[in-house]
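Please consult the sequence and the coordinates alongside the text.

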Amino acid sequence: MGRELDKLDRKIVEKLSPDARVSNRQIADELGVTEGTVRARVKRMEEQKQIRITAVTNIDRFRDAALAYIWVEVERSDQTRAIAEALAEVPELGFVGVMLGRSDILAITMVKNTEHLARFVHSNISTIPGVRRTESSLGVNFLKHDYRMARIVG
Amino acid sequence: MNNIAATEGPGQIELDDTDQGIIDLLRDDGRMAYRAIARELGITEATVRARVRRLEESDTMRVVAVTDIEAAGFGMLLAIGVQVENRDPEAVARDLAAIAEVFSVNVVVGTHDIEILVVAPDSAGLNDLLSETLGRVPGVRRLTPALAVDVLKNQPDWVPFHGA
């Protein structure tokens with residue numbers, strides 16, 4: 001794979017995962033390496049998209065907000081990529097993946113209720129040329145999302 | 001994903017434009033210096049520091065390092081629909097959430113009872129995870145997996161802070 005993190009990378013990431021505002025100096029002191037090493041490693045991991053340091057906000061802040069899984073089936077398989085790219089452009093969608101099994105594309109978003117979901121799918125997804133049908137699951141309890149892990153793209 | 005027009009929950013702090021400006025900048029670059037944020041927003045560094053502390057202490061925002069799944073040694077990402085029998089789906093979901101490879105758990109209404117996102121190192125590891133671990137959680141009847149072959153977008157900045 002070549003992109004896999006080595007032992008020291010992982011130790012640095014462990015320090016950064018819960019609170020990425022911790023200083024390079026503090027990480028360096030705790031791991032017994034130089035500050036320059038930490039800085040260079042963090043820079044490389046960010047540049048090579050092995051890690052992403054970012055702010056996340058708490059979904060619990062939003063009352064009546066639910067996560068919706070929208071499965072999209074395409075008319076013809078050669079349209080899958082283009083439709084997935086079109087979906088990735090929709091700002092409300094936080095996840096877009098081309099899938100094998102169950103359906104062709106999975107898109108995930110956050111909505112207020114069933115009505116909001118229906119409206120969103122109707123006006124933002126069903127209108128994309130080549131979308132044959134969609135099937136949605138609406139979340140009633142978003143129990144876990146380990147924000148320390150994601151597929152980093154773009 | 002911050003485009004939702006949902007109202008704030010009870011007991012939450014009110015966010016103004018300054019808070020939102022700080023969150024937006026830190027979303028782009030979580031390690032941006034307070035001084036640079038202050039300059040960008042035309043406020044003092046002390047204000048930035050105080051606002052960030054308030055956002056963190058109220059559990060509104062966290063600045064974290066997100067590791068790429070491949071860089072962490074997992075080659076496979078799957079979305080699995082879980083059908084439950086003879087047990088409360090919430091209880092099954094809690095058991096699933098305790099498994100490290102299961103990084104997202106959502107109790108849903110639809111064809112399945114629970115939707116989970118999981119990672120596996122390879123197909124042998126995946127097979128173990130499905131049949132030995134997930135399939136044996138009490139109350140799990142059927143697992144319906146879909147393998148992600150191309151992830152075009154993955155920026156969940158909406159996450160529950162409890163449990164993760």
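**Interface between the chains**

The model is predicted. In it, 67 residues of chain A are in contact with 68 residues of chain B. Several elements of chain A give two or more residues to the side that touches chain B: the helices α1 (7-16) and α4 (80-88), together with the strands β1 (51-58), β2 (66-74), β3 (93-100), β4 (105-111), β5 (131-145) and β6 (149-150). The largest share of this side of chain A comes from β5(A), with 10 residues. By class, the residues on the side of chain A that touches chain B are 35 nonpolar, 14 polar and 18 charged.

**Strand pairing across the chains**

β5(A) also pairs with a strand of chain B: 6 bridges join β5(A) to β3(B), residues 102-109, and the two strands run antiparallel. Within β3(B), B:V108 is the residue that A:G139 stands opposite.

**Domains of chain A**

Chain A is divided into domain 1, covering 7-47, and domain 2, covering 59-138. Between the C-alpha centres of these two domains of chain A the distance is 37 Å.

**Helix packing**

| Helix pair | Axis distance | Angle |
|---|---|---|
| α1(A) and α3(A) | 10 Å | about 90° |
| α1(B) and α2(B) | within 11 Å | roughly 130° |

In chain A, helix α3 spans residues 35-47, and its axis lies 10 Å from that of α1(A), at an angle of about 90°. Angles of 65 to 115 degrees count as roughly perpendicular, and α1(A) and α3(A) are therefore roughly perpendicular to each other. From α1(A), the residues A:L8, A:D9 and A:I12 meet A:V38, A:R41, A:V42 and A:M45 of α3(A). The classes represented in this contact of α1(A) with α3(A) are 5 nonpolar and 2 charged residues, with no polar ones.

In chain B, helix α1 covers residues 17-28 and helix α2 covers residues 34-41; their axes come within 11 Å and cross at roughly 130°. That angle makes α1(B) oblique to α2(B). The crossing in which α1(B) passes α2(B) is right-handed. On the α1(B) side, B:T18, B:G21, B:I22 and B:L25 make the contact, while α2(B) contributes B:I37, B:E40 and B:L41. This contact of α1(B) with α2(B) has 4 nonpolar, 2 polar and 1 charged residues.

Definitions and conventions. Residues are numbered from 1 along each chain as its sequence is written. Chains are lettered from A and ligands numbered from 1 in the order in which they are written. This is a predicted model: local features need pLDDT of at least 70, side-chain atom pairs count only at pLDDT 80 or more; totals for chains, interfaces and linings use all residues. Two residues are in contact if their C-beta atoms, placed from the backbone, lie within 7 Å. Helices (H or I, at least four residues) and strands (E, at least two) are DSSP runs, numbered from the N terminus. Ala, Val, Leu, Ile, Met, Phe, Trp, Tyr, Cys and Pro count as nonpolar, Asp, Glu, Lys and Arg as charged, and the others, Gly among them, as polar. Two strands pair if DSSP finds at least two bridges between them. Axes are lines fitted to C-alpha atoms, for helices over the stretch in contact, and angles run from 0 to 180 degrees between N-to-C directions. Angles under 35 degrees count as roughly parallel, over 145 as roughly antiparallel, 65 to 115 as roughly perpendicular and the rest as oblique. A crossing is left-handed if the near helix is turned anticlockwise from the far one by less than a right angle, and right-handed if clockwise. Domain bounds come from an automatic or database domain assignment.
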